[in-house]
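The stops below go from single residues to the contact between chains.

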2 protein chains.
Amino acid sequence: MNRRNWISKATLGSTGVVILPHLGIAMPKTNLGDTYLRLASNENPYGCSEQVKKSFLTSATAINRYAFPAIPELKIALAKRFQLTAENILLGAGSSGILEAVAQFMLQREGDVTTATPTFDILPSMLEKFGRKTHYILLKQDHTLDLDAMLAKTKEHPGLVYIVNPNNPIGTVVASQELRQFITEATKYSHVLIDEAYLEFCDNPESMIDMVINPRVMVIKTFSKVYGLAGLRIGYGFAHKEWANELEKFMIFAGLPISSPAFSVATAALDDQNFVDFVVQKNTESKAIVVETLRKLEIDYIPSQTSFILFDISKYPTEFMMDMKNKGILIGTRDYLGKKWCRLSMGTVEEIKEFTKVLTELWKA
Amino acid sequence: MNRRNWISKATLGSTGVVILPHLGIAMPKTNLGDTYLRLASNENPYGCSEQVKKSFLTSATAINRYAFPAIPELKIALAKRFQLTAENILLGAGSSGILEAVAQFMLQREGDVTTATPTFDILPSMLEKFGRKTHYILLKQDHTLDLDAMLAKTKEHPGLVYIVNPNNPIGTVVASQELRQFITEATKYSHVLIDEAYLEFCDNPESMIDMVINPRVMVIKTFSKVYGLAGLRIGYGFAHKEWANELEKFMIFAGLPISSPAFSVATAALDDQNFVDFVVQKNTESKAIVVETLRKLEIDYIPSQTSFILFDISKYPTEFMMDMKNKGILIGTRDYLGKKWCRLSMGTVEEIKEFTKVLTELWKA
């Protein structure tokens, strides 16, 4: 579990490898405009619907204008959809924009951070840079969050608990009832932040949004994944109005980092549930194809509730990532439990068929 | 000069007035999609060139993709252009994104803030919310920065000096030789941040970028004004590599808040100097028309080196802002030296002709 060592290997290496600072995921280095099959960054391969893309093209006429009125308008739209008020809504240039405000909030107060490992650790990593103590709790043997250990840790060292559910880069989910109990207990000692970036891909997605009646609970979501808008940088969050208000103090002008096209497109995407359903269904199809191939090749994998899957490449004799890149495919790799794993993001069904063909060739070579 | 009172009147009033939190500028409340003539927000009325707009439309194909490689690519492009290295470059979702990092930097250390009043005070306002002492130094009688008083203040209370040059919302500029001397002296005690958002509109623009060899100097610029990309949220800054590196610690993932269309469009815009020249020339034409009208009407104004102009509406008998709105024109107003002023953003030459027609009608009524 030597996460820090893994990351310290990092840097834009002469080896052509780049380590994402927030995941310990190694990826091949690329340039803009390269035409690889991109299965390394958990992007939505279907992009967005034609209808939503049209709203992007239309927004071209106003890229010289500030989108001030869009800020309250989107807050109101999200509040309506999730049966809250606009005061409960946080907006960021990606959910990472909200995570940054949470980091600043923590830097202005005492308290440790408790989170899982592996997880999407952009927030704890930033706090560690400022010397803030972070407790990384290893996943259980079934690769799910060890909520009992996390509760014990934050009881002993209160502050913030950061939970990504479903968990990236592992792909597992914790049962909602168990998570609700955890939140109720943990908030006696700490603030609790639940990151639901991948929730829509679960078999039975159950959000914790209704728990933000508790002033120490926050839930964040994003337009980057199921909505397919990673490049537009727009995310949203839900918190008790007091915490939301306090967090916005750390934003120099809440909502201003979000571009006007992002507001237009996100608003259109929210109304396009058919596309979301389509993406989720296709993602399930793609995953089934991958799993079938992994089984055939007797490759160990972790069953996934997300748009990516982790499988064990420890037995692969050469550099899997580079061999894949040479075949025109970008994937990520990372260490976990002393083994080396590939984190494969779902492509379209066609892309995944191409990937499994290449995987089969490489594996049998 | 009662800036705080002015702002505390603020809020999204039932009067249909909104006060921009960072300027004390009052503006009429609007909704997205309203078709007013927008002369209140210092936007570039010409937008961008057809060639640059094309790069926006092309970026539609990749809004589902993260733009990771664009971050170093734009840094390298800016470094080349300004004869620095990529390590000197900071990127933000608007220059406000960089100002936010500076605010966080200040919150992690001791020190007061010294700035002018009136000025673009988004940064000092944020720090004041956290109880940080801010010294607002009144402009001189000629409406330019009182650099001597600012130097004396920061010598007495070191920390950060924030200078907007040319100054928003006033429109004046300080002589570059005087500013250079100030920076050399002030950095003996404090960090100095020069905001050059409007510099390109000056008669003789001279940037302070070459002064970032001093580890306490930063210069920020934006694609929002002369480049016409306010809605895309992309700004950039220059600092000594040590300060730049320290500031990036306050960004959870430097460059990530910037959208992929913003990277594409900004890169195209940098190569389009003809358009910049066109915008500056048209801006000068528009200002000349406004000034001619103000003289005819014997309205007092402050000569402007920017894309906006301040003129005295104290003698106007009714609510100037609302009368203008009723005529379909949005302008901003603010208090200064015990008088009420209109801050008029330049529109296209045609728009400004429309404005001066309406102004003449209202003024003579």
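This is a predicted model: local features need pLDDT of at least 70, side-chain atom pairs count only at pLDDT 80 or more; totals for chains, interfaces and linings use all residues.

Is Cys202(A) buried or exposed? Select Cys202(A): the residue is buried (under 20% relative accessible area, with exposed over 50% and partly exposed in between; 1.4 Å probe, protein chains only), and its relative accessible area is 6%. Cys342(B) is also buried, at 0%.

Residues are numbered from 1 along each chain as its sequence is written, chains are lettered from A and ligands numbered from 1 in the order in which they are written, and side-chain values use heavy atoms, with hydrogens and water left out.

**Salt bridges within a chain**

Select Glu206(A) and Arg180(A). They form a salt bridge (a side-chain nitrogen of Lys or Arg within 4 Å of a carboxyl oxygen of Asp or Glu), with the closest N and O atoms 3.1 Å apart. Glu206(A) sits in the loop between strand S8 (191–195) and S9 of chain A and Arg180(A) in helix H7 (residues 176–186), so the pair ties together parts 26 residues apart in sequence. Helices (H or I, at least four residues) and strands (E, at least two) are DSSP runs, numbered from the N terminus. Glu206(A) is partly exposed at 35%, whereas Arg180(A) is buried at 15%.

Now select Lys75(B) and Glu248(B), whose closest N and O atoms are 2.6 Å apart in a salt bridge. This pair links helix H3 of chain B to helix H8 (residues 241–248) of chain B, 173 residues apart.

**Where the chains meet**

Select Ser224(A), in the loop between strand S9 (217–222) and strand S10 (235–239) of chain A. Ser224(A) is buried at 2% relative accessibility.

Show both chains. The contact takes 57 residues from chain B and 57 residues from chain A. In chain B, Ile63(B), Tyr66(B) and Ile252(B) lose the most area to chain A, together 15% of what that side buries; buried area is the accessible area (1.4 Å probe) that two parts lose on being put together, summed over both.

Finish at Arg65(B) and Glu43(A), which form a salt bridge with the closest N and O atoms 2.7 Å apart. Between chain B and chain A the count is two salt bridges.

Key: Contact means heavy atoms within 4.5 Å.
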